[in-house]
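These are my notebook entries on a structure that is new to me.

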Amino acid sequence: MTSTPAPAPVPAAGPGTGPVTGDALLALAADPASDLVGLLAALCDAESVSGGETALADAIEAVLRAQPHLAVHRDGDCVVARTDLGRSRRVVLAGHIDTVPLADPPNLPTRLVGEGPDAELWGRGTVDMKGGVAVMLALAVELGAPGREPASDLTWVFYDHEEVEAERNGLGRLSRNAPELLHGDLAILGEPTAAGIEGGCNGTMRARVTTRGVAAHSARAWTGVNAIHAAAPVLQRLADYVPREVEVDGLVYRESLNAVLVDGGVAANVIPDRCTVTVNYRFAPSLTVAQAEAHVREVLDGFDVEITDAAGGARPGLDDPLALEFAGAVLAVTGGRPKPKYGWTDVARFAELGIPAVNFGPGDPLLAHKDDERVPVGQLALCRDALRAWLLGPVGPAA
């Protein structure tokens with residue numbers, strides 16, 4: 001997909017790049033008349049590339065600790081806030097606060113393009129996934145306050161290190177350190193879904209394929225063996241690969257297998273003796289990690305393959321009664337039908353914990369990680385209003 005050229009710069013919608021204070025964020029999150037644009041701009045302009053989330057986590061923690069209806073827990077740069085209303089069910093709403101690195105030139109500070117509900121906020125993180133975080137933070141402040149008690153007890157999770165390898169994921173760390181904080185009957189991930197419901201997620205696997213040669217002076221190349229040239233068949237197999245489409249519980253997941261990094265060579269006058277191709281496999285949630293590894297090794301049979309990182313997918317989970325209730329309520333507002341989530345998200349982590357989970361948030365997932373990342377501001381309010389209406393639904397019997 002070709003990227004849309006970025007618009008000419010217009011005045012920033014937010015406070016500019018750099019850390020945002022808890023007081024400033026609280027003022028935006030607590031404003032009942034807020035259209036969420038200022039809040040999202042402040043969250044995005046507080047740059048938080050994976051590994052640099054602390055300042056933003058501090059500000060979010062300050063907002064949540066100012067709410068008397070919330071009990072707050074901090075684990076590293078993961079902030080958890082919970083209500084305790086004695087409800088018979090608990091809903092977990094989670095979103096990561098880190099982003100991938102900025103574009104070159106940087107796609108921050110944010111900028112607002114257009115007017116009214118069709119306007120778009122441009123900038124890193126607007127789609128993946130600070131749009132969802134803005135919706136969550138505003139609702140965390142509102143729901144549970146006197147006169148705005150939700151039908152379920154709520155757990156809000158703002159976590160770090162989602163955009164990097166699975167072992168550093170803040171939600172995974174929390175599940176090891178304090179799993180009781182993630183207990184719930186349904187989890188909603190604020191990942192971008194263009195304000196629709198996306199069920200489950202593909203699994204993801206990374207592998208390194210290494211070819212070896214013999215180093216030599218490039219002026220006497222015939223005395224060596226070029227390891228980069230030896231990687232050509234690896235790249236050809238990947239170029240020829242036809243991704244599968246796999247139906248899982250009524251949703252069709254599209255797989256992909258691609259080279260994402262190539263590394264080789266030591267100097268411009270040396271025949272390289274080593275080359276490594278990093279491969280990323282996105283596999284349907286019907287496969288186990290072991291089955292995915294077997295498929296990668298089958299496609300790349302004959303080469304030195306090392307699996308470096310893997311995370312299983314999650315089936316749609318839309319057969320769970322509470323997930324069905326939520327999906328029906330949201331789709332009555334937003335329209336459309338549930339779709340599959342092609343990228344990996346932490347619905348898989350909740351599935352491992354036995355908690356049904358779905359993806360729901362503002363922003364087109366096709367724009368995630370792109371230099372022209374942008375979100376229609378109308379989707380922010382649409383997601384907030386749909387979540388608010390469902391969460392404020394009829395109160396069940398006390399637990």
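**Entry 1: a term before the strands.** I take two strands as paired if DSSP finds at least two bridges between them. The model I am reading is predicted.

Entry 2: I looked up which residue stands opposite Leu-112. Leu-112 faces Leu-121, a residue of β5. The pairing of β4 with β5 (residues 120-122) is antiparallel and extends over three bridges. These two strands belong to an open, antiparallel sheet of three strands, ordered β4-β5-β19. At its edges I find β4 (111-113) and β19 (374-376), each of which pairs on one side only. From one strand to the next, the twist averages 25 degrees. I also noted helix α11 (residues 377-391), which packs on this sheet and touches β4, β5 and β19. The direction of α11 makes about 60 degrees with that of β19.

**Entry 3: the eight-stranded sheet.** I next traced an open sheet of eight strands with mixed pairing. Its order reads β1-β2-β6-β3-β7-β18-β8-β17. The edge strands are β1 (71-75) and β17 (339-340), and each has pairing on one side only. Within this sheet I examined β3 (residues 90-96) and β6 (residues 153-159), which are parallel and share seven bridges. For Arg-90, the bridge partner in β6 is Asp-153. Helix α4 (residues 130-142) lies across β3 and β6, and its direction is at about 140 degrees to β6. A further helix, α9 (residues 321-334), packs on the sheet and touches β7 (186-189) and β18 (357-359). Between the directions of α9 and β7 I recorded about 40 degrees.

**Entry 4: the cavity.** How many cavities of 30 Å³ or more are there? The count comes to one. The volume of the largest cavity is about 50 Å³. Its lining includes Leu-93, Gly-132, Val-135, Met-136, Ile-188 and Leu-189. Phe-360, Pro-362, Cys-383 and Leu-387 are also among the lining residues. The elements that contribute two or more residues to this lining are α4, β7 and α11. Helix α4 gives the most, with three residues. By class I found nine nonpolar residues, three polar and no charged ones.

**Entry 5: the largest pocket.** I then turned to the largest pocket, whose volume is about 1,500 Å³. Which of its 48 lining residues are the closest to its centre? They are Arg-282, Tyr-342, Gly-343, Trp-344 and Pro-365. Five strands each supply at least two lining residues: β9 (203-212), β13 (256-264), β15 (274-283), β16 (304-311) and β17. The largest share, four residues, comes from β13. I also recorded the classes of this lining: 17 residues are nonpolar, 15 are polar and 16 are charged.

**Entry 6: confidence.** The average pLDDT of the chain is 90, and 92% of the residues score at least 70. Over residues 1-17, however, pLDDT stays under 50. For that stretch the model has 36 contacts beyond four places in sequence.

Notes:
Residues are numbered from 1 along each chain as its sequence is written. This is a predicted model: local features need pLDDT of at least 70, side-chain atom pairs count only at pLDDT 80 or more; totals for chains, interfaces and linings use all residues. Side-chain values use heavy atoms; hydrogens and water are left out. Contact means heavy atoms within 4.5 Å. Axes are lines fitted to C-alpha atoms, for helices over the stretch in contact, and angles run from 0 to 180 degrees between N-to-C directions. On a 1 Å grid over the protein atoms alone, a cavity is a set of points where a 1.4 Å probe fits but cannot get out, and a pocket is an open set with protein on both sides within 12 Å along at least five of seven lines; lining residues have an atom within 4 Å of a point. Grid points are joined across faces, edges and corners, and a volume is the space filled by probe spheres set on the points. Ala, Val, Leu, Ile, Met, Phe, Trp, Tyr, Cys and Pro count as nonpolar, Asp, Glu, Lys and Arg as charged, and the others, Gly among them, as polar. pLDDT is the predictor's confidence in each residue, from 0 to 100.
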